[in-house]
Amino acid sequence: ALDQQFLLSISHDLRTPLTAIAGYAEALSDGAITDPARTGVVIANHADRLERLVGDLLDLARLDANQFRLHLESLDAGVAVGRTVAGLAPQAERNGLALRFHNHGPAVVRADPDRLAQTVANLVDNALKFAASTVDVSVSPNGTDAVIRVDDDGPGIAERDLPHVFDRLYVSRSQPARAENPSGMGLAIVRELVTAMGGSVSAGSGPVGGTRLTVLLPLDSPADGAGTRD
């Protein structure tokens, strides 16, 4: 039942960009498009969306099959997260939102740099969908952990929904359903990746309303071993 619901939701996620691409392609073929360059950009955006969805689906399949490999290395979470946030700034600007980064490091962790970037990108992408004007990302050490926070000033999440934010198929009962990705793959992958890197993730209320998503990763110790793990 749950697997069937998940597959139906995935099908909906994939069908949306496919339908848009097919519609624009048909309009181009019929000569009904007056601005082919702009249409090309729209098609490319939908294709990128489709590629991300397929990538998320493959990642979940690998995680479920225990075929997911992490390549761990010692890195400063502040530097890695800052680089990812900078790459997402144009997307925020297109949406008319401010994306700000606050580095209170250093906060050295053992993590897979690509998967840490994917984790942050998924969290920021989620925040940008709901923010009213601003998304704040911060990194700071706290005790034995590096703390990565993503705050938005959107409508927030009801307290009863907070424990389920990172579940697959999560859709808040108190807020309108998401316009895209109702299967919740992006945040489900965040939890899987963070857990695999020895950390944890949680959702709560932001300092000025909205939602705060928090990732905790253990700070690296010189005694920690190196290498690759499944």
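Mentor: A crossing is left-handed if the near helix is turned anticlockwise from the far one by less than a right angle. Keep that in mind; this is a predicted model.

Trainee: Okay. What hand is the crossing of H4 and H5?

Mentor: The crossing of H4 and H5 is left-handed. The two axes come within 9 Å and cross at roughly 145°.

Trainee: Which residues of H5 make that contact?

Mentor: Gly-186, Leu-187, Ile-189, Val-190, Leu-193 and Val-194. On the H4 side, the contact includes Arg-115, Leu-123 and Asn-126. By class, the contact of H4 with H5 has 6 nonpolar, 5 polar and 1 charged residues.

Trainee: Now H3 and H4. At what angle do they pack?

Mentor: About 35°, with axes 9 Å apart. Here H3 passes H4 in a right-handed crossing. Among the residues in contact are Val-81 and Leu-88 of H3, plus Val-120 and Leu-128 of H4. The classes there are 11 nonpolar, 2 polar and 1 charged.

Trainee: Where is the kink in H3?

Mentor: At Leu-88, shortly before the proline Pro-90. The kink is about 40°.

Trainee: Is Leu-88 buried or exposed?

Mentor: Leu-88 is buried. Other buried residues in H3 include Ala-77, Gly-82 and Ala-92.

Trainee: What do the buried residues of H3 pack against?

Mentor: Strands E1, E2, E3, E4 and E5, along with H4.

Note on methods. Residues numbered from 1 in each chain as written. Predicted model: local features only at pLDDT ≥ 70, side-chain atom pairs only at ≥ 80, totals over all residues. Heavy atoms only, no water. Axes fitted to C-alpha atoms, helices over the stretch in contact; angles between N-to-C directions. Helix = DSSP H or I, 4+ residues; strand = E, 2+ residues; numbered from the N terminus. Contact = heavy atoms within 4.5 Å. Nonpolar A, V, L, I, M, F, W, Y, C, P; charged D, E, K, R; others polar. Bend = angle between axes of the 7 residues up to and from the residue. Buried < 20%, exposed > 50% of the residue type's maximum accessible area, 1.4 Å probe, protein only.
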